[in-house]
Amino acid sequence: MKPFIDANKIDLLLKKTMDAPKTAARSIINASLRLKGLAPEEVAILLNLNDRETINNLFSVAKKVKEIIYGKRLVIFAPLYITNFCVNNCLYCGFRCANKELKRKRLTIKEIKEEVIILEKQGHKRILLEAGEDPLASRIDHLEKVIPAIYATKSGNGEIRRLNVNVAAMSVPHFKRLKKLKIGTYQLFQETYHPGMYKKMHLSGPKSDYIYHLYAMHRAMEGGIDDCGIGALFGLADHRFEVLAMLYHALELEKEFGVGPHTISVPRIEPAGNTPLTSHIPHPVSDLEFKKLVAILRLAVPYTGLILSTRESAKMRNEVIGLGISQISAGSSTVPGGYKRSLNKKKVSGQFSINDNRSLKDVIKDISKMGYSPSFCTACYRLGRVGKDFMDLAKPGLIGRYCLPNSLLTFKEYLMDYADDGLKKLGYQVIASHLKDIKDNRVKENTTKKLQDIEAGKRDLYF
Ligand code: SAM
Ligand code: SF4
């Protein structure tokens, strides 16, 4: 079997498009408004773009595409780290087994439930479960205990309605068992698609097998997982290479399984405790390059969710949200047990350092001021609008019909159950203005009715 990532082909494509005229870039940017996505060569031309005026044009079209498809709503989630034990030695990561200075912690089910209650009390409804590759705590038989326990943990109106999972690559039979646990998206980042850099960065452990890691999403889909999330850790290899490789990954999944990735994550390397990479990032990505790559991905795979974490600063996040991000984490900790510890004001080192330390409440305040509606919506996955069915619906306007109304309903729940008076006032203004923007009168009426039902005490209403 020939791997679907051909490093030479990507290098050649980047070389070949190095001096493409800016007129070529402009016509690609304009054509992307048809929302059909971009071919690798077109993406390569945009990745090589240096002309400032054309880059500004790229940003404004990415903004338009984002608003046509996603409206002004942003899905919010929190990571939940259950263990920092790890058998791998990834040079960039604070959890790597060679880091003897890290205090290791594996949460018990009771401790996991305590963390979940803290997140629920803040208003979270979506969790991303994260773990180092821990022979005890990230094994499927342990997850079979952890995941049902998380779903069963409720406090007041708080509950976790969608649990996404980012744990080590598995075999097909194990993915089949993971699917039975009713997870949302299975995420796994290739970190770097560049085989040479991958080898340099992953010194030992199961993850050091590039091909096994590369084909994880194939196995996940064979195991019946509907929604897969891919990503690259920016800073390892040339970011242009990684963006093109992610596009090839998306095309490959579409070819083999009829559906591309549900989400793409764009983490940039952050300093991590006692890691050799902290002072030497092989291919640092500047803020401008980062904004460019988010905008390009938005045009290249318009219907794929783009996820931005708290690795980026609040300022950066506010800037790139408009360029195509559809999901953000908020109020995050990368430490197992970190939410309880932060209640006790204890500082501990995590997998990497976080640059946006705002609480969930403050993130919601800020994005509301920017005119966005935060969304805790979990409707699609609970109604079976997943995998290919999701993509088929997304194309003719899923967002207008479902996403925006659902974001308003979940925002209203949040405001009623968790917000102070100031945020309530601001939030109700945001809801009212978005409600006005719903074009279909029937959808508008139904949304208004459901908002009234929430006001009257009903919860968990969705389309
Ligand atoms: N252990 C699993 C794995 O590596 O696939 C689970 C995911 S790990 C908890 C989540 C992600 O954090 C990794 O895939 C990696 O991209 C990212 N990460 C690790 N070290 C990082 C660093 N120093 N800065 C930013 N992100 C980092
Ligand atoms: Fe372990 Fe994941 Fe960190 Fe690698 S990135 S050391 S696999 S936790």
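Predicted model: local features only at pLDDT ≥ 70, side-chain atom pairs only at ≥ 80, totals over all residues.
Residues are numbered from 1 along each chain as its sequence is written, chains are lettered from A and ligands numbered from 1 in the order in which they are written, and side-chain values use heavy atoms, with hydrogens and water left out.Staying with ligand 1, 20 residues surround it, a residue being near a molecule if one of its heavy atoms lies within 4 Å of it. Y92, E191, K207, E270 and R311 are the closest. A polar side-chain atom of E191 is 2.5 Å from an oxygen atom of ligand 1, and an N or O atom in the R311 side chain is 2.8 Å from a nitrogen atom of ligand 1. Polar contacts here are pairs of N or O atoms within 3.5 Å; within protein, one must be able to donate a hydrogen and the other to accept it, and residues adjacent in sequence count only if both atoms are side-chain atoms.

On to the helices, which are DSSP runs (H or I, at least four residues) numbered from the N terminus. Helix α4 (residues 52–70) and helix α12 (residues 287–300) have axes that come within 9 Å and cross at roughly 45°. That makes α4 oblique to α12; angles under 35 degrees count as roughly parallel, over 145 as roughly antiparallel, 65 to 115 as roughly perpendicular and the rest as oblique. Axes are lines fitted to C-alpha atoms over the stretch in contact, and angles run from 0 to 180 degrees between N-to-C directions. The crossing of α4 past α12 is left-handed, meaning that the near helix is turned anticlockwise from the far one by less than a right angle, with clockwise giving right-handed. On the α4 side, the contact (heavy atoms within 4.5 Å) includes I55, F59 and Y70, and on the α12 side it includes L288, I296 and L299. The contact residues split into 11 nonpolar, no polar and 5 charged. Ala, Val, Leu, Ile, Met, Phe, Trp, Tyr, Cys and Pro count as nonpolar, Asp, Glu, Lys and Arg as charged, and the others, Gly among them, as polar.

α12 also meets helix α13 (residues 314–321), their axes coming within 10 Å and crossing at roughly 35°. This crossing is right-handed. D287, F290, K291 and V294 of α12 touch M316, E319 and V320 of α13, giving 4 nonpolar, no polar and 3 charged residues.

Helix α1 (residues 7–16) packs against helix α3 (residues 40–47) at about 55°, axes 8 Å apart, and the two are therefore oblique to each other. α1 passes α3 in a right-handed crossing. L13, L14 and K16 of α1 meet P40, E41, A44 and L47 of α3.
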